[in-house]
Amino acid sequence: MSAAVSNERAVAGGARDGMASRKATPRRCPRFDESGEPQVSHGPLRSRRGALPSRTRASYTPLNVTVNGKSCILFWAKKLEIKLKDHTQLDLTGRIFGPNAKVNLKSSTCSEHKAMLVLKLGDVEDLKDFVIRLLMSNTYYESAGQNWFSLDSVHILYNKTSEVRFNATEIYAPATSSYHCQHVSSLQKYDTLLVPSTQADGATLQHVTFTDFQIQAFSIQDGQFASATDCASFFTPAILMGLIMSLILLLVLAYALHMVVHLKSIERYDEHKTVYFPKTQSSDSGEKSSL
């Protein structure tokens with residue numbers, strides 16, 4: 001029996017203000033149906049980020065991969081662009097999200113420690129059998145005392161034999177949270193969170209960029225995104241430059257104060273110093289003759 005595919009569409013709305021994070025609950029191992037394939041549906045979009053400002057989103061809903069009615073993967077992006085070698089840049093947003101989406105998620109899989117989101121798009125322009133795979137893992141860290149999920153790699157397959165792989169770096173969050181980043185991309189101007197697995201000729205001509213990227217796997221409650229862990233770093237280039245300039249100014253000020261204090265000590269020494277003039281031979285003989 002094939003996995004049931006439902007397309008639930010909630011009323012479009014802007015992202016709500018941040019809500020408090022849910023308490024961590026024991027994670028259950030997903031169960032598959034008789035066919036061994038997860039059920040797939042488009043779930044309602046209800047952002048639940050505590051620390052992030054609310055943003056107005058498009059009307060389309062996130063992808064929701066479910067197993068026996070329980071969500072195991074949630075994925076959303078405002079825009080997805082891919083550039084492959086010898087091909088024009090592709091905007092795949094409309095093919096994955098929205099009312100006219102033609103994406104097939106039936107090959108997606110979930111287990112206790114591994115999950116794979118498979119986006120089958122069929123033929124895209126002159127590319128045959130276009131497929132995007134996002135591989136994720138769930139790991140327990142004793143130092144943190146909880147499970148963390150991570151995006152390990154992104155695979156792009158086309159024409160049945162061609163494959164482009166990008167290794168993900170620093171894309172992770174607690175299992176009870178979702179992960180959000182304004183840009184998840186292989187481009188240097190977006191911090192290069194996706195790195196090509198090969199440095200062969202032409203690898204730099206291929207790139208992928210997710211805009212307003214949000215994903216969650218494994219511990220999902222009520223088919224909704226939990227509060228998000230954001231990739232935004234406190235030390236942005238502007239802040240870092242400001243800190244460096246402030247440090248330079250403080251050093252200059254400290255040196256100037258040191259010089260002023262040193263000059264004052266020299267003046268104080270000069271005021272109390274007695275000057276003695278040695279007597280010459282001529283002055284001694286003049287004094288004797290006067291006697």
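Trainee: Which residue does Ser 185 stand opposite in E15?
Mentor: Ser 185 stands opposite Thr 209 in this predicted model. The strands concerned, E13 and E15, pair in the antiparallel sense over 6 bridges.

Trainee: And how many bridges join E13 to E16?
Mentor: There are 3 bridges between E13 and strand E16, residues 228–230, and these two strands run parallel. His 180 has Asp 230 as its bridge partner in E16.

Trainee: How many residues of E13 are buried?
Mentor: Strand E13, which spans residues 178–185, is mostly covered, with 6 of its 8 residues buried.

Trainee: Back to E15, then. How many bridges join it to E5?
Mentor: Strand E15 covers residues 207–217 and is joined by 5 bridges to E5, residues 79–83, in an antiparallel arrangement. Within that pairing, Val 208 is the bridge partner of Ile 82.

Trainee: Which residue does Ile 82 stand opposite in E6?
Mentor: In E6, Ile 82 stands opposite Leu 90.

Trainee: What lies between E5 and E6?
Mentor: They form a hairpin with 6 residues between them, and Asp 86 in the turn has a positive phi of about 65°.

Trainee: Changing topic: how many helices and strands are in the chain?
Mentor: The chain has 3 helices and 16 strands. Of its 291 residues, 38% are buried.

Trainee: What about the accessible surface of the chain?
Mentor: That surface comes to about 17,500 Å², and carbon and sulfur atoms account for 55% of it.

Conventions:
Residues numbered from 1 in each chain as written. Predicted model: local features only at pLDDT ≥ 70, side-chain atom pairs only at ≥ 80, totals over all residues. Heavy atoms only, no water. Pairing = 2+ DSSP bridges. Helix = DSSP H or I, 4+ residues; strand = E, 2+ residues; numbered from the N terminus. Buried < 20%, exposed > 50% of the residue type's maximum accessible area, 1.4 Å probe, protein only. Areas by Shrake-Rupley, 256 points an atom, 1.4 Å probe, with all protein chains shown as cover.
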